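Below is a short briefing on one protein model with its ligands. It covers confidence, overall layout, the ligand surroundings and a few local backbone features.

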Amino acid sequence: MKKAYKKPLYEAEMIEDINLWISTNLVSTLNETEFGCTAGKDNFYIDDFGNVYGCSMMATYTELKAGNLKEEPLYEIWNESTVFKKLREINLQDVLGNCKNCKLLLTCKAGCRACAFSFHNDLMSSDERCPICKKELILNDDKS
Ligand code: SF4
Ligand code: SF4
């Protein structure tokens, strides 16, 4: 019978369950060094004004605008925009802050890039919404 979880998996420190969930979901298709964020790689977002972003979460930040459809065609934005190129080239090994030393980094893949950007105006920042990142939750190595 399935266990009934009363808390999110990370709060319950159920690391095997987190890994199982991740391995059966989208993240498993990414290579080992990639961020889990698919913005500018598998998806994009266009707002009402024709502005193009990697995803709707990124539309909050003008710095993350990849282009505008009134100024250039989508294929050009997709292929040539500096923002999209950056999203495709950044690597987990360059992440800044507490995510860098997190033992879940290769499975979590450093959370959301738009949320990380919101903290330090830097796509390489840690996603500080995470309780592990904020040091509110310490993972227990000895739990078996
Ligand atoms: S600190 Fe949190 S967001 Fe960062 S890699 Fe670890 S689990 Fe993911
Ligand atoms: S991780 Fe965040 S920024 Fe990246 S695609 Fe998902 S919601 Fe958008």
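**Ligand surroundings, fold and local geometry**

The shell around ligand 2 consists, by class, of seven nonpolar residues, one polar residue and one charged residue. Ligand 2 lies between domain 1 (36-89) and domain 2 (92-143), because both domains give residues to its shell. The model is predicted, with an average pLDDT of 84 for the protein.

**Ligand 2**

- The residues around ligand 2 include three cysteines by name: Cys37, Cys55 and Cys112.

**Ligand 1**

- Ligand 1 is surrounded by 13 residues.
- The closest of these residues are Cys99, Cys102, Cys108, Cys130 and Cys133.
- Sorted by class, the ligand 1 shell holds nine nonpolar, three polar and one charged residues.

**Confidence**

- A pLDDT of at least 70 is reached by 76% of the residues.
- Strand β2 (residues 51-53) has the highest confidence, at 97.
- Helix α1 (residues 15-23) has the lowest, with a mean of 65.
- Where pLDDT is low, predicted coordinates should not be read in detail.

**Overall layout**

- The protein contains five helices and three strands.
- Along the sequence these elements follow the pattern α-β-β-β-α-α-α-α.
- Of the 144 residues in the protein, 24% are buried.
- Among contacts with a separation of 6 or more, 48% are between residues 24 or more positions apart.

**The loop between α4 and α5**

- Gly111 is located in the loop that runs between α4 (105-108) and α5 (113-120).
- Gly111 counts as buried because it has 23 C-beta neighbours inside 10 Å.
- Beyond its neighbours within four places in sequence, Gly111 makes contact with Ala116, Asp127 and Cys130.
- Gly111 and Phe35 are separated by 76 residues in sequence, while their C-alpha atoms are 8.0 Å apart in space.
- Ala110 also lies in the loop between α4 and α5.
- The phi angle of Ala110 is near 70°, which is a positive value in a residue other than glycine.
- Ala110 is buried, since 27 other C-beta atoms lie within 10 Å.

**Helix α5 and the segment after it**

- An α-helix has 3.6 residues a turn, so residues three or four places apart point the same way.
- Asn121 sits in the segment after α5, and its phi is near 55°, a positive value in a residue other than glycine.
- Is Asn121 buried or exposed? Asn121 counts as exposed, because it has 10 C-beta neighbours inside 10 Å.
- Positive phi values therefore occur here in a buried setting for Ala110 and in an exposed setting for Asn121.

Note on methods:
Residues are numbered from 1 along each chain as its sequence is written. Chains are lettered from A and ligands numbered from 1 in the order in which they are written. This is a predicted model: local features need pLDDT of at least 70, side-chain atom pairs count only at pLDDT 80 or more; totals for chains, interfaces and linings use all residues. A residue is near a molecule or strand if its C-beta atom, placed from the backbone, lies within 6 Å of it. Ala, Val, Leu, Ile, Met, Phe, Trp, Tyr, Cys and Pro count as nonpolar, Asp, Glu, Lys and Arg as charged, and the others, Gly among them, as polar. Domain bounds come from an automatic or database domain assignment. pLDDT is the predictor's confidence in each residue, from 0 to 100. Helices (H or I, at least four residues) and strands (E, at least two) are DSSP runs, numbered from the N terminus. A residue is buried if 20 or more other C-beta atoms lie within 10 Å of its own, exposed if 12 or fewer, and partly exposed in between; C-beta atoms are placed from the backbone. Two residues are in contact if their C-beta atoms, placed from the backbone, lie within 7 Å.
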